[in-house]
Number of protein chains: 2
Amino acid sequence: MREFKRRTRVLIIDDNTDHLRGVKELITLESSFDVAGTATSANLGINLIKKYRPELVIMDINMPEKDGLQAIAEIEKLELGAKVIALSAYDDADLIFRAMKIGAKGYVLKTMASAQLIYALDEVAAGKIYLPTALTSRFFEHFQLSFREEENANSAENLLAYLTSREEEVLDLLTQGNNYKGIAGKLFISETTVKTHVNNIFQKLQVNDRTQAVLYALNNNFTNKRRAKMAV
Amino acid sequence: MREFKRRTRVLIIDDNTDHLRGVKELITLESSFDVAGTATSANLGINLIKKYRPELVIMDINMPEKDGLQAIAEIEKLELGAKVIALSAYDDADLIFRAMKIGAKGYVLKTMASAQLIYALDEVAAGKIYLPTALTSRFFEHFQLSFREEENANSAENLLAYLTSREEEVLDLLTQGNNYKGIAGKLFISETTVKTHVNNIFQKLQVNDRTQAVLYALNNNFTNKRRAKMAV
DNA sequence: CAAAATATCAATCCAAAGATGTAAGACAAT
DNA sequence: ATTGTCTTACATCTTTGGATTGATATTTTG
């Protein structure tokens, strides 16, 4: 029995018809790929995806109106297994970050050699996620920056450090939306005791009510820190 | 005046003395790098970093006790500009993700060719962030998965969709810790009106009090969605 | 051991929050 | 024109929340 290797079916979405034609020809030349269809708008493209169920989608990200990013998100939401490769003119860190965040399996610049696009297609078709090295570096700048900011919120003299372990328990239950009665029941202590703890928490966190206490806790990663502490 | 190109100073931290020696020799052979020091534990290494201020740090991530990840976090907190390259035996997606999250500028496997490590050193010394292609793919699997989960919280029939725009405004102010009076003042409406809105919000979100409403809002990305909507 | 911090409980008081019902004017859709 | 939704508003009542003071047993720590 002769083994039949099926070509990977690719759908191309690009509002620039010239560029679209160029990409189509490039892919048609490759023996391992088949162009399943083309579209010049995101909406048309999404309809074609539903119809033809391609393995790969090349999505131009610089389209007007319904922008490419949103289109990628919608394609992901369909869950038809279509792997989207973003094709963009910009190596903007934030754009790369957002594209990868919503589920793009690759990101290639239009200015890159066509061999690079073919390589990306190969990799993504094989189930990998592909980003050119230069863009990877860009991506990580943005990625690490976003976590750096998160940590700044953590430092800045954290008032949570002054809480006793019992107060932490109470605050934890507060951040789950419990009222006095609920907390008292869960900790097997009286409601008045809970009131005492809660009042002490307010003093230490310098807030006026439970909502502000909960917000302070959430904004300062209280839950995560607590879980980390518990794990030790 | 003869131009003097200074060698990039590298500090190596690895509890395996054999491996440490190997890496040291490898780097010593390179004309563009200088081994500023070596250490066999994270604590010793951190002290040497404070002392010698190297541009690069190669950190073995499979060390016992104070594990390598925690050490990287501490080095980053020093803010001495030392760029850390993680050296690990494992291509575990979660490990790569966490290393990059806390600020590693590179991640190289021990099993990789030594040329790969030198290449990583070059790239990172030049201010870039370096991950081998294979590990990039691994990283993104984890990265995208974490956001996939976040979106599940978003879908699941979101009760926030039922709020009117005015109720959204009120909820927004609730999530900032305002009480009735504060909200009334900011929206230039009476306190009783605010009460009406808040009660309607409770009904729609199926909660009993403001803390639960705020928690629901935060757990369902209310703020982000609102900002996204405003931007349109 | 003594002093300080923690955890528990109670009483009281006032303020704030929440539940419920009613209603009028604005505005959009049909 | 009429219906429906939204926004505004008020009254009333009950419940919950928050502040304060004081007290006791236990634990931690210097």
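This is a predicted model: local features need pLDDT of at least 70, side-chain atom pairs count only at pLDDT 80 or more; totals for chains, interfaces and linings use all residues.
A:Asp91 lies in the loop between β4 (83–88) and α4 (93–101) of chain A, whereas A:Arg138 belongs to helix α6 (residues 133–154) of chain A, so the pair ties together parts that are 47 residues apart in sequence. Helices (H or I, at least four residues) and strands (E, at least two) are DSSP runs, numbered from the N terminus. A:Asp91 is partly exposed at 32% relative accessibility, and A:Arg138 is partly exposed at 30%; here buried means under 20% relative accessible area, exposed over 50%, and partly exposed in between, with a 1.4 Å probe and protein chains only.

Residues are numbered from 1 along each chain as its sequence is written, and chains are lettered from A and ligands numbered from 1 in the order in which they are written. Local features need pLDDT of at least 70 and side-chain atom pairs count only at pLDDT 80 or more, while totals for chains, interfaces and linings use all residues; side-chain values use heavy atoms, with hydrogens and water left out.

Over all chains, the count of salt bridges comes to 18. Side chains of opposite charge can pair when their charged atoms come close. One such bridge links the side chains of A:Lys128 and A:Glu123 at 3.9 Å, N to O; A:Lys128 is partly exposed at 40% relative accessibility, whereas A:Glu123 is buried at 14%. Another bridge joins B:Glu169 to B:Arg166 at 3.0 Å, N to O, and these two residues, 3 residues apart in helix α7 (residues 165–174) of chain B, are separated by about one helical turn. B:Glu169 is partly exposed, with a relative accessible area of 27%, and B:Arg166 is likewise partly exposed, at 28%.

The largest nonpolar core has 64 residues, among which A:Tyr107, A:Phe139, B:Tyr107 and B:Phe139 have the most contacts inside it. Such a core is a set of buried Ala, Val, Leu, Ile, Met, Phe, Trp, Tyr and Cys residues joined through side-chain atoms within 4.5 Å. When residues up to four places away in sequence are not counted, B:Phe139 touches A:Phe139, A:Phe140 and A:Phe143 in chain A, together with B:Ile96, B:Phe97, B:Met100 and B:Leu131 in chain B, contact meaning heavy atoms within 4.5 Å.

Chain B is superposed on chain A by a rotation of 180° with 0.2 Å of shift along its axis, at an RMSD of 0.3 Å, which is the relation of a two-fold axis. The superposition is by least squares on the C-alpha atoms of residues with pLDDT of at least 70 in both copies. B:Thr211 comes closest to the rotation axis of the residues of chain B, at 2.6 Å (C-alpha).

Between the chains, 30 residues of chain B are in contact with 30 residues of chain A. The buried area, which is the accessible area (1.4 Å probe) that two parts lose on being put together, summed over both, is about 2700 Å², and carbon and sulfur atoms give 65% of it. B:Ile129, B:Phe140 and B:Gln144 supply 21% of the area that chain B buries against chain A, more than any other three residues. Across this interface the rule finds 0 salt bridges.

Key. A salt bridge is a side-chain nitrogen of Lys or Arg within 4 Å of a carboxyl oxygen of Asp or Glu.
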